[in-house]
Amino acid sequence: MSHEVQGIVARAVGQPVSLETIIVPDPGPGEALIKVQACGVCHTDLHYREGGINDEFPFLLGHEASGIVEAVGDDVTEVAPGDFVVLNWRAVCGDCRACRRGEAQYCFATHNATQKMTLTDGTELSPALGIGAFAEKTLVAAGQCTKVDPAASPAAAGLLGCGVMAGIGAAINTGEVGRGDSVAVIGCGGVGSAAVCGSDLAGAATIIAVDIDDQKLAWAREFGATHTINAANEDVVERIRELTNGNGADVVIEAVGLPATYEQAFYARDLAGTVVLVGVPTPDMKIELPLIDIFGRGGSLKSSWYGDCLPSRDFPMLIDLYMQGRLNLDGFVSETIGLDGVEEAFHKMERGEVLRSVVEIG
Ligand SMILES: NC(=O)c1ccc[n+]([C@@H]2O[C@H](COP(=O)([O-])OP(=O)(O)OC[C@H]3O[C@@H](n4cnc5c(N)ncnc54)[C@H](O)[C@@H]3O)[C@@H](O)[C@H]2O)c1
Ligand SMILES: [Zn+2]
Ligand SMILES: [Zn+2]
C-alpha cells in the first residue's frame with residue numbers, strides 16, 4: 001500500500017515551491033514511515049531550490065523534522081510504531097573506513113530509504129538531505145530516526161535535525177570550544193545562533209556574535225553572546241581582535257558560507273586558533289589566501305558537516321538539556337506556519353526576519 005499526502009516540491013531552479021500530492025510507499029526492509037509533526041525551514045532548503053546543491057529536481061524539501069513512527073519495515077528493530085523521533089541525515093553504516101576506526105560521525109556511507117517517493121505521475125522525487133519532511137508523511141531509513149523524550153515540543157525538537165545541531169556541534173564537536181575560550185561566530189541565523197548557544201554550553205568566556213542585522217545580534221545576546229559586531233558598519237577582523245586583547249579569537253565559526261566572511265574568520269582567529277566553516281558555499285565560490293599566512297598562523301582550518309554529530313549520542317542528550325531548561329530550543333522558533341507557508345518563509349529568511357519558521361502539521 002502507498003500513501004497519498006501533501007508535500008512541498010521545488011520543480012525548477014528559482015521557481016516558487018508548490019504544494020503537491022505525493023506518493024509515499026509503505027516501508028520496506030530497513031525503512032520507516034513517519035507521520036511528520038514539525039519541520040523547520042533551513043537555508044539549505046533554499047540552496048536546493050536555487051540549484052546550489054545539485055540539479056536533481058524535483059526536490060521534496062524539508063529536512064529539520066520530528067514526528068511519530070507510523071510503520072516500519074519487517075526487519076526494523078531500533079524504532080517501533082508510536083515512537084517520537086527526530087529525523088537525522090546521518091544514518092551511519094557501521095562498516096565504512098570512518099566507522100571502522102570508531103569515528104562514525106564522519107561515516108562516508110550514510111544511507112537513506114531505498115524506495116522512492118514520487119509525484120502522482122510517477123516522477124521520482126529527490127528528498128532534501130534524504131529526508132523530505134515538508135510533507136504529511138515521509139519515508140526514511142530506520143537509522144535516520146532518533147528516539148527522544150516525547151515530552152519535548154515537536155517544533156523545538158525537530159530543529160536538532162539540522163541547523164541547531166549543525167551550529168551547536170560546530171562549536172562543541174568540531175571547534176572543541178572549551179571553558180574560558182574566546183569564540184567569534186560570523187553569521188547569526190539559526191545555525192550561527194546555535195553555535196553561540198553551543199559555545200555558551202561549553203563554557204566559553206567571550207562569545208562575539210557577528211551579523212549584518214541588528215535583530216539577529218539582539219537574539220544572539222539572548223543565546224549567550226557577550227559582544228556583538230554589526231559587519232555592515234564595523235571592521236569585523238579589527239573589532240574581534242580588539243575584543244580579544246589584540247589577539248583574535250581561539251575559535252572562529254563561519255556560518256554564512258561566503259568567501260568574504262571565510263576570509264574574515266581566517267584573519268580574526270588567534271595564532272594556532274581554529275576556523276570552523278559550517279556555512280555552505282556554492283560550487284562556483286573560490287577563495288585566495290597567501291599560503292604563507294595559512295602556514296604561518298598555524299592552527300587548524302576545519303569544516304563541519306552537521307556539527308560532526310552522532311545523532312544517537314547527541315540528540316537525546318540535547319533534548320535532556322532542553323527539558324532541564326539549559327538549552328533554549330524554543331528561542332529558535334520565530335513562528336509556526338502551515339505547509340503552504342514555506343515559500344513566504346524563504347522570503348522572511350532572506351529578509352532576515354526569522355531564525356526559524358517551523359512548519360507544523362496535524
Ligand atoms: N554544515 C552544515 O551541516 C549545515 C547545516 C545547516 C545549514 N548550513 C548552512 O549554514 C548557513 C547558515 O544557515 P542558516 O539556516 O542559519 O541561514 P540564515 O539565512 O538564517 O542565516 C545566515 C545569517 O548570515 C547573516 N549574514 C549574511 N551576510 C553576512 C555577512 N556578510 N556578514 C555577517 N553575517 C552575514 C544573515 O544576516 C543571517 O543572519 C547556510 O549556508 C546553510 O546552508 C550548514
Ligand atoms: Zn560508515
Ligand atoms: Zn538544514
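These are legends for a set of close-up views of a predicted model.

Before you start: local features here need pLDDT of at least 70, side-chain atom pairs count only at pLDDT 80 or more, and totals for chains, interfaces and linings use all residues. Residues are numbered from 1 along each chain as its sequence is written, while chains are lettered from A and ligands numbered from 1 in the order in which they are written.

View 1. Helix and strand names follow DSSP runs (H or I of at least four residues for helices, E of at least two for strands), numbered from the N terminus.

**View 2. Ligand 1 and its shell.** Ligand 1 lies between domain 1 (2-161 + 328-360) and domain 2 (167-305), because both give residues to its shell. There are 32 residues around the ligand, and H43, A166, G187, G189 and G257 come nearest; a residue gets in if its C-beta atom, placed from the backbone, lies within 6 Å. Elements giving two or more residues to this shell are α1 (43-49), α4 (163-174), α5 (190-201) and β12 (206-211). Sorted by class, the shell holds 16 nonpolar, 13 polar and three charged residues.

**View 3. Helix α5, tucked inside.** This helix has 12 residues and reaches 16 Å from first C-alpha to last, close to the 16 Å expected at 1.5 Å a residue (the expected span is 1.5 Å times one less than the number of residues). Since 11 of its 12 residues are buried, α5 is largely enclosed by the rest of the structure. Here, buried means 20 or more other C-beta atoms within 10 Å of a residue's own, exposed means 12 or fewer, and partly exposed is in between, with C-beta atoms placed from the backbone. Among the buried ones are G190, A194, C197 and D200. Their cover includes α4, β11 (182-186), β12, α6 (214-222), β14 (249-254) and β18 (356-360). After the helix comes G203, with a positive phi near 95 degrees.

**View 4. Strand β6 and its two partners.** In a regular strand the side chains alternate between the two faces of the sheet. In β6 (residues 84-87), F84 and V86 point one way and V85 and L87 the other, and all are buried. Strand β5 (residues 64-72) pairs with β6 in the antiparallel sense over three bridges, with I68 opposite F84. Strand β10 (residues 145-147) also pairs with β6, antiparallel and over three bridges; here T146 is the bridge partner of V86. Pairing takes at least two DSSP bridges between the strands.

**View 5. A five-stranded open sheet.** Reading across, the strand order is β7-β2-β1-β4-β8, with mixed pairing. At the edges sit β7 (118-119) and β8 (126-127), each pairing on one side only. Further in, β1 (residues 2-10) and β4 (residues 59-60) pair in the antiparallel sense over two bridges, and V9 has L60 as its bridge partner.

**View 6. L46 in helix α1.** L46 sits in helix α1 and counts as partly exposed because it has 19 C-beta neighbours inside 10 Å. Leaving aside neighbours within four places in sequence, L46 is in contact with F346 and M349. The C-alpha atoms of L46 and E350 are separated by 9.5 Å, although these residues are 304 apart along the chain.

View 7. A cis peptide bond joins F57 and P58, with omega about -5 degrees; P58 is in the loop between α1 and β4. L129 is not a glycine but has a positive phi of about 50 degrees. It lies in the loop between β8 and β9 (137-141) and is buried, with 27 other C-beta atoms within 10 Å. D308, also not a glycine, has a positive phi of about 45 degrees. D308 is in the loop between β16 (300-303) and α10 (311-323), and its 23 C-beta neighbours inside 10 Å make it buried.

Terms used:
Nonpolar A, V, L, I, M, F, W, Y, C, P; charged D, E, K, R; others polar. Domains from an automatic or database assignment. Contact = placed C-beta atoms within 7 Å.
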